[in-house]
Amino acid sequence: MSTTETQGRRSWLREHSELGVSLLLLVIGVLVLTDALTMDVDIAQRGPVGPTTVPVVVGAGLLAVAVLLAVDVLRGGRGEAEGGEDIDLSEPSDWRTVLLLAGVFLANAVLIGPLGFPVSGALLFWGSAYALGSRRTDRDPLIAAVLSLVTYFVFNNLLGVPLPGGPLMGVL
């Protein structure tokens, strides 16, 4: 393949980069539909709307959007360039913040079982505030702890969604 053909192919792919989003939506739609259609459903639990209804609708919607997006891109449609309100597009991405937030979310996922939601949630809220730029070490941990406890009580007591309490289960 000559360099001209390679450059032409790369140029075409750059101009039609939204096809990548279409492909991602297609793959996710197929995964959702496959999972929904192979779900083991007890016949006694079935009613007019069973547990597979929503995943099938979402999966079919994802497939439809993927196909419509691909058709639009191939017909020359292009997404609008981001002109965000306060975003300087000439600045590079802030990977430090992204990695800190990813680390905080991963730590929360690992710690929620052994420490419970009140502690892991407080660490999540405090870590997220720190990653996003807050350096108020006198107030941020307090706000994070209060926010975590309020969230725990709302979900656990008012909504009836049990969250792991961890070692604080007997205290709370």
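Leaving aside neighbours within four places in sequence, with which residues is Thr 97 in contact? In this predicted model, for which local features need pLDDT of at least 70, side-chain atom pairs count only at pLDDT 80 or more, and totals for chains, interfaces and linings use all residues, Thr 97 is in contact with Ala 131 and Leu 132 once those neighbours are set aside, contact meaning heavy atoms within 4.5 Å. Residues are numbered from 1 along each chain as its sequence is written, and side-chain values use heavy atoms, with hydrogens and water left out.

The protein has six helices and zero strands, and its pattern along the sequence reads α-α-α-α-α-α; helices (H or I, at least four residues) and strands (E, at least two) are DSSP runs, numbered from the N terminus. Of the 172 residues in the protein, 20% are buried, where buried means under 20% relative accessible area, exposed over 50%, and partly exposed in between, with a 1.4 Å probe and protein chains only. Among contacts between residues at least 6 apart in sequence, 58% join residues at least 24 apart.

Two packed helices are described by the angle between their axes and the distance between the axes. For helix α4 (residues 95-115) and helix α5 (residues 117-131), the axes come within 8 Å and cross at roughly 175 degrees, so that α4 is roughly antiparallel to α5. Here the axes are lines fitted to C-alpha atoms, for helices over the stretch in contact, and angles run from 0 to 180 degrees between N-to-C directions; angles under 35 degrees count as roughly parallel, over 145 as roughly antiparallel, 65 to 115 as roughly perpendicular and the rest as oblique. The residues of this contact divide into 13 nonpolar, six polar and one charged, with Ala, Val, Leu, Ile, Met, Phe, Trp, Tyr, Cys and Pro counted as nonpolar, Asp, Glu, Lys and Arg as charged, and the others, Gly among them, as polar. On the α4 side the residues include Arg 96, Thr 97, Phe 105 and Asn 108, and on the α5 side they include Phe 117, Ser 120, Gly 121, Leu 124 and Ala 131.

Thr 97, found in helix α4, counts as buried at 15% relative accessibility, and its C-alpha atom is separated by 8.5 Å from that of Gly 133, 36 residues apart along the chain. Asn 108 also lies in helix α4 and, at 14% relative accessibility, counts as buried; apart from neighbours within four places in sequence, Asn 108 is in contact with Ser 120, Gly 121 and Leu 124.

In helix α5, Ala 122 counts as buried at 15% relative accessibility. Not counting residues up to four places away in sequence, Ala 122 touches Phe 117, Ala 144, Ala 145 and Ser 148, and the C-alpha atoms of Ala 122 and Ala 145, 23 residues apart along the chain, are separated by 4.8 Å.

Thr 151 is found in helix α6 (residues 140-158), and its side chain reaches the backbone oxygen of Leu 147 at 2.7 Å. Leaving aside neighbours within four places in sequence, Thr 151 is in contact with Phe 117, Phe 125 and Leu 163. The structure holds one aromatic pair, which is formed by Tyr 152 and Phe 153 and is edge-to-face, at 5.8 Å centre to centre and 70 degrees between the planes; rings of Phe, Tyr and Trp (its six-membered ring) pair if their centres lie within 6.5 Å, and planes under 30 degrees apart count as stacked, over 60 as edge-to-face and the rest as tilted. Tyr 152 counts as buried at 2% relative accessibility, whereas Phe 153, at 32%, counts as partly exposed.

Technical notes
A polar contact is a pair of N or O atoms within 3.5 Å; within protein, one must be able to donate a hydrogen and the other to accept it, and residues adjacent in sequence count only if both atoms are side-chain atoms.
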